[in-house]
Amino acid sequence: ENFFSVRMRASKDGAHENGGKHISGGELISTYDNLKNAVNFLLEKALTHTRGNPDFMQIQFELIEETITKLLPLHTATNEVESVQEGQILAVSLLMKSGVPKKSIERAFQLIDEYPNLRGAILVNIWNGERIDDRHEKGVRVSRMDWLTTNFEKWANYFTIPRSQRIKEALVLATKVNSHPATISELCWSDDPEYTTGYVASKNLGYQRITNLKEYGDEHGCRIFFVDGRSDIDSYIDYLEKLPIIVQW
Ligand code: PML
């Protein structure tokens, strides 16, 4: 059977390339027969976003030629913290546990502040804390990934994790990113001003949710992949953007 990668991006105040502000994005893998639902799902997602009404949207689909790799979801834990400060301290200590030197974590935080309108992820070399992709405000967008909703819901029920689309999408991305040998760790929190939970993920720690990683109302998100800088970066980015994966529990 043929599978298609379906992707959406939406912005306001113009297209991304023209300084528009990113408000929503989405990734799906669909059969041909389900394309209509897939496109409609992404359309709905962009139109109901809490960051405002888009005035630019692109939805595209494309046949996947490569075989789709199946991955098990990362082991998941939720860390309840009282304050953003406590959350940030926990995030740093988890990143260090996964093998990122403290200095490089501090440098990565500076980099994030330099790109307030970043759309994708930035890749940071764990050995010196420098950015190693050349994508500027665009960053690297992880694509070609999905998790069948029925299978996700079974998993979520079993581990008593909220059955939210947001968690599903974040865990799919974290599972893909952290399955690559060059990824040492990942740090993420949402750009949705009403959503303060973020996570640190790595092969050994799994997906560690942290309930308070930024102030309520803050529109600045964060997505950093900490990478072993000795790896072949072009083939790493190619993996993130192109290799199709399905999470299956
Ligand atoms: C996002 O909304 O863009 C990322 C959300 C990350 C955290 C999801 C969760 O595990 O609650």
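**View 1. Arginine 141 and its salt-bridge partner.** Arginine 141 is partly exposed, with 25% relative accessible area. The model shown here and in the other views is predicted. Arginine 141 forms a salt bridge with glutamate 27, and the closest N and O atoms lie 2.8 Å apart. The pair links distant parts of the chain, 114 residues apart. Arginine 141 sits in the loop between strand 6 (122–125) and strand 7 (145–147), while glutamate 27 belongs to strand 2 (residues 21–31). Is glutamate 27 buried or exposed? Its relative accessibility is 11%, so glutamate 27 counts as buried, the cut-off being under 20%.

**View 2. Glutamate 130 with arginine 107.** The two side chains meet in a salt bridge, with an N to O distance of 3.1 Å. This pair, too, links distant parts of the chain. Glutamate 130 lies in the loop between strand 6 and strand 7. Arginine 107 lies in helix 3 (residues 102–114), 23 residues apart from glutamate 130. Glutamate 130 has 34% relative accessibility and counts as partly exposed. Arginine 107 is also partly exposed, at 23%.

**View 3. Aspartate 133 with arginine 131.** Here the side chains form a salt bridge at 2.7 Å, N to O. Both aspartate 133 and arginine 131 are buried.

View 4. Across the whole structure, the search finds 13 salt bridges. Among them are the pairs arginine 141 with glutamate 27, glutamate 130 with arginine 107, and aspartate 133 with arginine 131.

Key:
Residues are numbered from 1 along each chain as its sequence is written. This is a predicted model: local features need pLDDT of at least 70, side-chain atom pairs count only at pLDDT 80 or more; totals for chains, interfaces and linings use all residues. Side-chain values use heavy atoms; hydrogens and water are left out. A salt bridge is a side-chain nitrogen of Lys or Arg within 4 Å of a carboxyl oxygen of Asp or Glu. Helices (H or I, at least four residues) and strands (E, at least two) are DSSP runs, numbered from the N terminus. Buried means under 20% relative accessible area, exposed over 50%, partly exposed in between (1.4 Å probe, protein chains only).
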